[in-house]
2 protein chains.
Amino acid sequence: MKVLALAGGVGGAKLADGLAQALPPDDLTVVVNTGDDFEHFGLTICPDLDTVCYTLAGLANPQTGWGRVGETQQAMSSVELLGGPTWFWLGDRDLGTHLERTRRLRAGDALSAITADFCTAWGIRARVLPMSDQPVRTFVSTDEGELAFQEYFVARRCEPVVSSFRFDGVAQAAPAPGVLDAVAAADLVVVCPSNPWVSVAPILAVPGLQAALAAKPILAVSPIVGGQAIKGPAAKMFSELGILPSALAVAQHYGSLLRGFVFDEVDAAQNEAIAALGIIPRSTATVMKERADRVQLAKEILDFGRSLLSA
Amino acid sequence: MKVLALAGGVGGAKLADGLAQALPPDDLTVVVNTGDDFEHFGLTICPDLDTVCYTLAGLANPQTGWGRVGETQQAMSSVELLGGPTWFWLGDRDLGTHLERTRRLRAGDALSAITADFCTAWGIRARVLPMSDQPVRTFVSTDEGELAFQEYFVARRCEPVVSSFRFDGVAQAAPAPGVLDAVAAADLVVVCPSNPWVSVAPILAVPGLQAALAAKPILAVSPIVGGQAIKGPAAKMFSELGILPSALAVAQHYGSLLRGFVFDEVDAAQNEAIAALGIIPRSTATVMKERADRVQLAKEILDFGRSLLSA
């Protein structure tokens with residue numbers, strides 16, 4: 001079964017890792033959000049892409065979920081002493097990634113080609129694709145005005161109240177080479193438990209992608225468990241947009257895009273309401289604390305997926 | 001006595017450090033070559049400026065003379081694993097300097113203002129000025145064609161045979177704010193034992209600077225000792241340009257610019273030939289192996305300078 005996963009940062013990366021453990025490498029393609037990419041210190045930084053790759057390569061910091069394990073902090077300490085901005089912390093090893101990516105982008109290489117080479121160097125066997133080679137930048141409209149995503153997310157710690165999102169450049173963006181082929185080849189599409197508003201929505205906004213996906217069996221995994229986000233501002237965003245955060249709200253958000261929906265067993269009472277949307281519900285343990293939880297969840301999702309395909 | 005020093009990298013930095021130890025901070029201004037600045041990984045790197053500042057701050061690597069002491073290598077190891085270029089090695093702490101400088105340059109700050117702030121942060125009390133806020137880039141004509149300076153100097157290890165030098169952008173460059181004032185205020189100008197062709201020549205090529213200097217008593221310190229350069233390709237360049245490398249050749253190169261010339265005692269036999277150029281010679285121990293050698297040489301230069309002024 002060929003699987004295409006759509007992923008944002010930490011939560012998406014964890015499930016992608018589970019899927020990579022559960023599937024032969026040739027059967028998994030992960031399409032990653034680049035809407036939270038940004039330029040900092042003259043470097044192009046792709047936080048979700050790096051989190052997915054570091055996680056798949058076993059290089060991720062297990063405490064934070066982002067950044068690299070065993071990381072040192074010399075460069076940013078040096079920046080700090082010079083009075084520079086430290087709100088977006090860059091470890092030394094991680095900096096090497098941004099340096100080489102930036103160098104190659106400036107030399108004219110495509111982000112997708114660079115990502116493929118980095119994956120090879122890091123020993124990642126699944127295929128990881130940025131959603132697009134063209135820059136797309138997420139902006140968040142808030143009660144403090146419109147903020148660039150990382151300004152909202154990291155510098156302002158998601159404190160401003162959101163009202164809407166804008167994916168700058170997306171109208172001029174195309175799916176990265178390989179993305180539409182991977183969609184066409186996919187037997188199953190898995191929307192990872194990533195933020196629907198700022199991780200998955202930018203991917204779905206890339207012209208041509210949603211139309212290609214429409215023909216495919218898609219299931220999503222809820223990032224909301226017991227009314228809370230496992231990580232990040234997803235629940236807060238639902239609330240600020242006037243929607244009670246819940247697994248059901250996530251299912252309603254994706255709506256007719258979905259054939260199936262995986263959500264946590266603590267929310268099992270929402271089963272019938274989700275089914276009433278015409279979406280096949282499956283509640284299970286979705287919180288991935290240990291690495292073994294990832295492959296366990298992935299296997300359940302794949303079983304559920306197979307049942308959807310044969311239904 | 002107000003002193004203005006013209007400096008390139010390692011040799012210039014060492015003498016600048018000696019002068020900084022020998023003079024009250026308000027009496028020393030160091031004008032640094034920026035012709036070997038370049039862009040790498042999207043960052044603006046100013047090797048001579050950093051070498052001078054790190055040396056004055058006591059942050060320089062005493063083994064290499066450039067780079068920082070106690071440096072770690074995580075970022076470049078990361079670049080190396082990704083197949084990126086490692087011919088110009090950037091330590092992690094050093095990277096912090098390039099990150100913050102690049103950020104501020106892109107924000108519109110002038111290199112001279114950035115340098116002043118960095119010096120304050122590093123506890124440097126003497127004044128350090130880039131020769132210009134406008135980019136000047138040294139190119140070297142060689143038997144392998146024209147090479148950007150760092151390509152010649154680091155990537156090609158000075159192996160190609162040089163025929164001439166070009167300081168791209170220098171015609172449009174102006175002395176950095178403070179440079180002409182420092183020249184006007186200087187009682188003595190010291191040309192450090194830096195490479196005459198690629199460290200000092202770019203400074204002298206900045207429009208208006210040589211004319212301003214013409215009114216000042218200038219002494220130079222020979223970077224050639226016993227026919228060899230203490231460090232770098234100066235002797236090799238003299239030879240390739242058809243000039244026998246010697247202290248005398250350096251004095252002839254600067255010619256009427258100089259009132260006095262300091263060279264090594266091993267070359268004392270060249271005393272009369274230098275005097276015959278109309279330049280007052282002073283031979284002494286010029287090789288700065290230990291930090292104490294720097295201040296010793298600086299004091300001798302200052303004594304010699306005072307004797308020139310009262311002559």
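**Figure 1. Arg157(A) and Cys158(A) in the loop between α6 (149–155) and β8 (162–168) of chain A.** Arg157(A) sits in this loop of the predicted model. Helices (H or I, at least four residues) and strands (E, at least two) are DSSP runs, numbered from the N terminus. Local features of this predicted model need pLDDT of at least 70, and side-chain atom pairs count only at pLDDT 80 or more, while totals for chains, interfaces and linings use all residues. Residues are numbered from 1 along each chain as its sequence is written, and chains are lettered from A and ligands numbered from 1 in the order in which they are written. Most residues other than glycine have a negative phi. Arg157(A), not a glycine, has a positive phi of about 50 degrees. Cys158(A) is found in the loop between α6 and β8 as well. Its phi is also positive, near 60 degrees. Arg157(A) counts as exposed, with 10 C-beta neighbours inside 10 Å. Cys158(A) has 18 such neighbours and counts as partly exposed. The cut-offs use C-beta atoms placed from the backbone: a residue is buried if 20 or more other C-beta atoms lie within 10 Å of its own, exposed if 12 or fewer, and partly exposed in between.

**Figure 2. Phe88(A) in the loop between α3 (74–81) and α4 (92–106) of chain A.** Phe88(A) is partly exposed, with 16 C-beta neighbours inside 10 Å. What does Phe88(A) touch, not counting residues up to four places away in sequence? The partners are His40(A), Gln150(A) and Val154(A). Contact here means that two C-beta atoms, placed from the backbone, lie within 7 Å. Phe88(A) and Gln150(A) are 62 residues apart along the chain. Their C-alpha atoms are separated by 8.2 Å.

**Figure 3. Helix α8 (residues 196–205) of chain A.** Of the 10 residues in this helix, 8 are buried, so α8(A) is largely enclosed by the rest of the structure. The buried residues are Pro196(A), Trp197(A), Val198(A), Ser199(A), Val200(A), Pro202(A), Ile203(A) and Ala205(A). Over chain A, 52% of the 311 residues count as buried.

**Figure 4. Leu204(B) in helix α8 (residues 196–204) of chain B.** Leu204(B) is partly exposed, with 18 other C-beta atoms within 10 Å. Leaving aside neighbours within four places in sequence, Leu204(B) is in contact with Leu209(B) and Gln210(B). Asn33(B) lies 171 residues from Leu204(B) in sequence. In space, the two are 9.3 Å apart, C-alpha to C-alpha.

**Figure 5. Packing of helix α1 (residues 10–22) on helix α13 (residues 291–310) in chain B.** Two packed helices are described by the angle between their axes and the distance between the axes. Here the angle is about 70 degrees, and the axes are 7 Å apart. The axes are lines fitted to C-alpha atoms, for helices over the stretch in contact, and angles run from 0 to 180 degrees between N-to-C directions. α1(B) and α13(B) are therefore roughly perpendicular to each other. Angles under 35 degrees count as roughly parallel, over 145 as roughly antiparallel, 65 to 115 as roughly perpendicular and the rest as oblique. From α1(B), the contact uses Lys14(B), Leu15(B), Asp17(B), Gly18(B), Leu19(B), Gln21(B) and Ala22(B). From α13(B), it uses Arg294(B), Val295(B), Leu297(B), Ala298(B), Lys299(B) and Leu302(B). By class, these residues are 7 nonpolar, 2 polar and 4 charged. Nonpolar covers Ala, Val, Leu, Ile, Met, Phe, Trp, Tyr, Cys and Pro; charged covers Asp, Glu, Lys and Arg; the others, Gly among them, are polar.

**Figure 6. The interface between chain B and chain A.** On chain B, 27 residues are in contact with 27 residues of chain A. The elements of chain B that give two or more residues to this side are α3 (74–81), α4 (92–106) and α5 (111–122). α4(B) gives the largest share, 10 residues. The chain B side has 11 nonpolar, 10 polar and 6 charged residues. A rotation of 180 degrees, with 0.0 Å of shift along its axis, superposes chain B on chain A (RMSD 0.0 Å). The two copies are thus related as by a two-fold rotation axis. The superposition is by least squares on the C-alpha atoms of residues with pLDDT of at least 70 in both. The copies meet through the same surface, because 100% of the interface residues of chain B are also interface residues in chain A.
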